[in-house]
Amino acid sequence: MRQLLALLFAALLSPAVQLLPRSSATLAGEAGWLSALAALPVYLLLCWLVLRLLGRFPEGTGLAEAFQRTLGAPLGKGLTLLYLLWGLVALAANLRSCGQRLLTTSYRNTSLWGFVFLLLAVVLWTARGKLSAFARAGEIFFLILCMALGAVLFFGAFNLEADNVLPVWVEDVPDVLASAVPVLGTLGYTVFGGFLAGELRRKEGDRRRALGWAAVFCLLLTAFQLVNLGNFGPGLVSRMDVPLYMLAKGIGVRGGFERIESVVVALWVLSDLVLAGVLAFACCRMARSVFGLRRAEQVALPVALLGGAGAVLLFSDGFALRRFTETILTAGNLLLGFAVPLVVCLVAAVRQKSG
């Protein structure tokens with residue numbers, strides 16, 4: 001569980017820094033930094049639902065198997081196939097997004113598709129290996145990303161201006177609740193971790209540990225948005241592509257180091273790779289369950305090829321990618337990440353009582 005949580009923590013940082021706090025500033029202005037706190041109760045409910053559903057079945061059961069045992073094989077496989085297709089679309093969008101971000105922030109004279117296919121090659125190599133090895137690497141990436149983000153937030157806090165984030169009034173509550181929707185759309189990626197849960201060694205206290213991790217992650221997002229909005233103000237943040245990079249650009253210590261944004265940009269590729277790896281591993285395990293394969297690694301190549309093809313064919317330019325990410329992808333993550341697990345848990349509870 002510790003390794004899976006580290007993987008998810010590192011993976012979620014990639015879409016979080018890209019979408020937040022820009023969307024929060026646009027929807028809630030000065031109060032946008034509260035969006036992750038507003039999303040926290042719903043996120044805790046999601047984690048509790050997934051853990052409770054998996055806890056009904058013996059160790060070695062992931063979400064794909066839980067769906068089939070709860071809904072029956074035909075309907076369970078159909079639902080898993082829907083998640084598989086959505087996972088491939090999410091993989092394509094994130095590969096394209098990472099390539100676009102590297103192109104616009106650091107390597108403007110390089111081919112976008114060169115980045116995309118290089119990332120795709122790493123994802124394929126990772127997905128053909130063992131999940132345990134990927135999880136151990138994810139723990140290292142998690143520590144590196146936390147140290148980098150912690151350093152940026154620490155130095156950025158010295159330039160925080162209270163006028164950019166205060167005051168917050170009761171009248172701001174509807175806007176804060178609206179700004180929680182993009183946050184939940186980002187956190188919806190967590191559900192893909194449930195498809196990897198079949199390989200977990202369960203221990204006492206796993207549920208408490210996972211809920212604590214969810215709370216800490218939302219608090220980290222709150223601090224991240226507070227520092228960004230406090231430095232630049234909601235008007236400027238709402239027009240930025242990646243506010244984290246702009247925050248890192250203004251950090252420096254005279255006589256020590258200056259302009260660390262290139263280091264932050266480079267390190268954040270680790271988060272992109274972890275997210276792509278989680279999606280690829282989850283898709284492989286879903287495909288194994290749906291098609292009755294012996295080994296999930298058998299479909300690593302088709303999953304990678306479909307992800308790369310989607311990155312090329314589905315998004316004609318950066319504007320189309322951004323529209324898709326902020327609308328369709330967010331809506332899909334809300335539906336499949338929150339609504340569907342809730343319905344399945346309700347069905348499982350009804351069947352348990354009737355049985």
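The structure is a predicted model, in which local features require pLDDT of at least 70 and side-chain atom pairs count only at pLDDT 80 or more, whereas totals for chains, interfaces and linings use all residues. Residues are numbered from 1 along each chain as its sequence is written, and side-chain values use heavy atoms, with hydrogens and water left out.

Seven salt bridges are present in the structure, a salt bridge being a side-chain nitrogen of Lys or Arg within 4 Å of a carboxyl oxygen of Asp or Glu. One of them joins the side chains of Arg-22 and Glu-326, with an N to O distance of 2.5 Å. Because Arg-22 belongs to helix α2 (residues 22–28) and Glu-326 to helix α15 (residues 318–354), this pair ties together parts that are 304 residues apart in sequence; helices are DSSP runs (H or I, at least four residues), numbered from the N terminus. Arg-22 is buried, at 6% relative accessibility, while Glu-326 is partly exposed, at 33%. Here, buried means under 20% relative accessible area, exposed over 50%, and partly exposed in between (1.4 Å probe, protein chains only).

A further salt bridge links Arg-209 with Asp-206, whose closest N and O atoms are 2.7 Å apart. Both residues lie in helix α10 (residues 206–232), three residues apart, so about one helical turn separates them. Arg-209 is partly exposed, with a relative accessible area of 38%, and Asp-206 is buried, with 10%.

Glu-199, Arg-285, Arg-295 and Glu-297 are linked in a network of salt bridges. Within the pair of Glu-297 and Arg-295, the closest N and O atoms are 3.9 Å apart. Glu-297 is buried, with a relative accessible area of 18%.

Conventions: Helix = DSSP H or I, 4+ residues; strand = E, 2+ residues; numbered from the N terminus.
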